[in-house]
Amino acid sequence: MTSLPGKTDKKLGLVIDLDTCVGCHACVTNCKEWNTGGHMAPLTDLNAYGKGADGVWFNRVHTYEVDDAPGCSRTVHFPKSCLHCETPACVTVCPTGASYKRTSDGIVLVNEDLCIGCKLCSWACPYGAREFDVFEGVMKKCTLCVDRIYNTNLDEVDRVPACVLTCPTGARHFGDLGDPNSDVSQLVAARGGVDLMPELGYKPTNKYLPPRPRRTAAADVGATAELVSAPGGFLGWVDRLLSR
Ligand code: SF4
Ligand code: SF4
């Protein structure tokens with residue numbers, strides 16, 4: 001068992017706008033490109049150009065067809081990576097202390113030198129956010145690009161996760177969700193941002209901004225959040241899918 005900090009100084013995380021994501025996978029590709037040479041490098045690929053290609057990806061985009069209105073469906077793209085939970089089960093189950101949550105900024109990381117590859121953390125994560133590197137025999141995951149966001153060799157504007165920097169539609173936002181005055185917190189408040197599977201109690205830091213309803217005269221934020229979070233709504237559907 002590995003213990004968690006009682007409190008973190010910041011809650012750094014992502015806010016992902018499901019209304020504007022177009023499923024282009026630019027975030028996925030730039031995440032792979034940056035991280036395959038960064039803190040958790042390499043991100044192993046197996047049989048990359050052949051049948052049954054497999055590999056380590058920290059960020060994946062799932063695309064779904066969702067019933068929108070009677071006789072009408074819509075396509076929703078759902079990017080998913082580690083949500084840097086406040087009380088992550090992946091950390092507390094780790095027998096060696098390899099998985100840990102930082103007190104300074106709340107980022108959940110893996111110390112590969114301590115990891116014994118038991119995979120308990122991947123079983124514990126309900127979001128499927130952990131990536132086992134079969135070649136190296138250790139667990140890997142999204143680091144929120146710790147080697148970018150504090151990197152003083154980069155221009156200040158570039159000190160954000162690679163996925164955020166790349167997104168052509170501005171669907172990805174990065175900041176301190178523990179500060180109610182931060183841009184990301186205000187965006188979440190204005191758009192009715194939601195947690196993924198909140199009933200599990202892991203308190204994910206990352207938030208999702210729901211897709212806006214189509215063909216309505218007024219986009220009422222409260223109604224929008226209710227529409228997508230309700231048991232029959234889009235996020236309820238994603239929650240049930242991830243719960244399988
Ligand atoms: S695979 Fe590594 S990080 Fe995950 S629980 Fe086991 S030792 Fe900890
Ligand atoms: S880069 Fe932006 S628009 Fe493209 S898949 Fe990622 S979040 Fe969606």
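Modeller: One term before we start: helices (H or I, at least four residues) and strands (E, at least two) are DSSP runs, numbered from the N terminus. And keep in mind that this is a predicted model.

Colleague: OK. How many helices and strands are there in the protein chain?
Modeller: The protein chain has eight helices and eleven strands.

Colleague: And what does the pLDDT of the chain average?
Modeller: It averages 90, and 88% of the residues score at least 70.

Colleague: How many of the residues count as buried, as a percentage?
Modeller: 35% of the 244 residues in the protein chain. As for contacts between residues at least 6 apart in sequence, 60% of them join residues at least 24 apart.

Colleague: Let's talk about the largest nonpolar core. Which residues touch the most other members?
Modeller: Those are Val-15, Ile-16, Leu-18, Cys-31, Val-108 and Cys-163, out of 45 residues in that core. Several elements supply at least two residues each, including α1, β5, α5 (162-166) and α6 (183-191). The biggest giver is β1, with four residues.

Colleague: Then tell me about β1. How many of its residues are buried?
Modeller: Six of its six. Leu-12, Leu-14 and Ile-16 point one way, while Gly-13, Val-15 and Asp-17 point the other way, and all are buried.

Colleague: Why would they point in two directions like that?
Modeller: Because in a regular strand the side chains alternate between the two faces of the sheet.

Colleague: Which strand runs antiparallel to β1?
Modeller: That's β10 (residues 172-176), joined to β1 by five bridges. Within that pair, Leu-14 sits opposite Phe-174. There's a parallel pairing as well, between β1 and β11, over three bridges. There, Val-15 has Lys-207 as its bridge partner.

Colleague: Switching topic: how do β4 and β5 pair?
Modeller: In the antiparallel sense, over nine bridges, with β4 covering residues 60-69. Asp-67 stands opposite Ser-73 of β5. The two strands form a hairpin with two residues between them, and Gly-71 in the turn has a positive phi of about 75°.

Colleague: Now the ligands. Which residues are closest to ligand 1?
Modeller: Cys-94, Ala-98, Cys-115, Cys-118 and Cys-121 are the closest of the 14 residues surrounding ligand 1. By class, that shell has ten nonpolar, three polar and one charged residues.

Colleague: And which are closest to ligand 2?
Modeller: Cys-21, Cys-24, Ala-26, Cys-27 and Cys-167, from 15 residues around ligand 2. The shell splits into nine nonpolar, five polar and one charged residues. Both α1 (26-35) and β5 (72-80) supply at least two residues of it.

Colleague: What about Val-91, where does it lie?
Modeller: In helix α2, residues 89-92. Leaving aside neighbours within four places in sequence, Val-91 contacts Thr-2, Leu-4, Ser-99, Tyr-100, Lys-101 and Val-108.

Colleague: Is Val-91 buried or exposed?
Modeller: Val-91 is buried, because 24 other C-beta atoms lie within 10 Å.

Colleague: Where is there a cis peptide bond?
Modeller: Between Ala-41 and Pro-42, with omega about -10°. Pro-42 is in the loop between α1 and β2 (45-46).

Colleague: Which residue other than glycine has a positive phi near 55°?
Modeller: That's Cys-145, in the loop between β9 (138-140) and α4 (146-149). Lys-119 also has a positive phi, about 70°, and is not a glycine. Lys-119 is in the loop between β7 (108-110) and α3 (120-124).

Colleague: What makes such features stand out?
Modeller: Most residues other than glycine have a negative phi, and most peptide bonds are trans.

Definitions and conventions: Residues numbered from 1 in each chain as written. Chains lettered and ligands numbered in written order. Predicted model: local features only at pLDDT ≥ 70, side-chain atom pairs only at ≥ 80, totals over all residues. Buried ≥ 20, exposed ≤ 12 C-beta atoms within 10 Å, placed from the backbone. Contact = placed C-beta atoms within 7 Å. Near = placed C-beta within 6 Å. Nonpolar A, V, L, I, M, F, W, Y, C, P; charged D, E, K, R; others polar. pLDDT = per-residue confidence, 0-100. Core = buried A, V, L, I, M, F, W, Y, C linked by C-beta atoms within 7 Å. Pairing = 2+ DSSP bridges.
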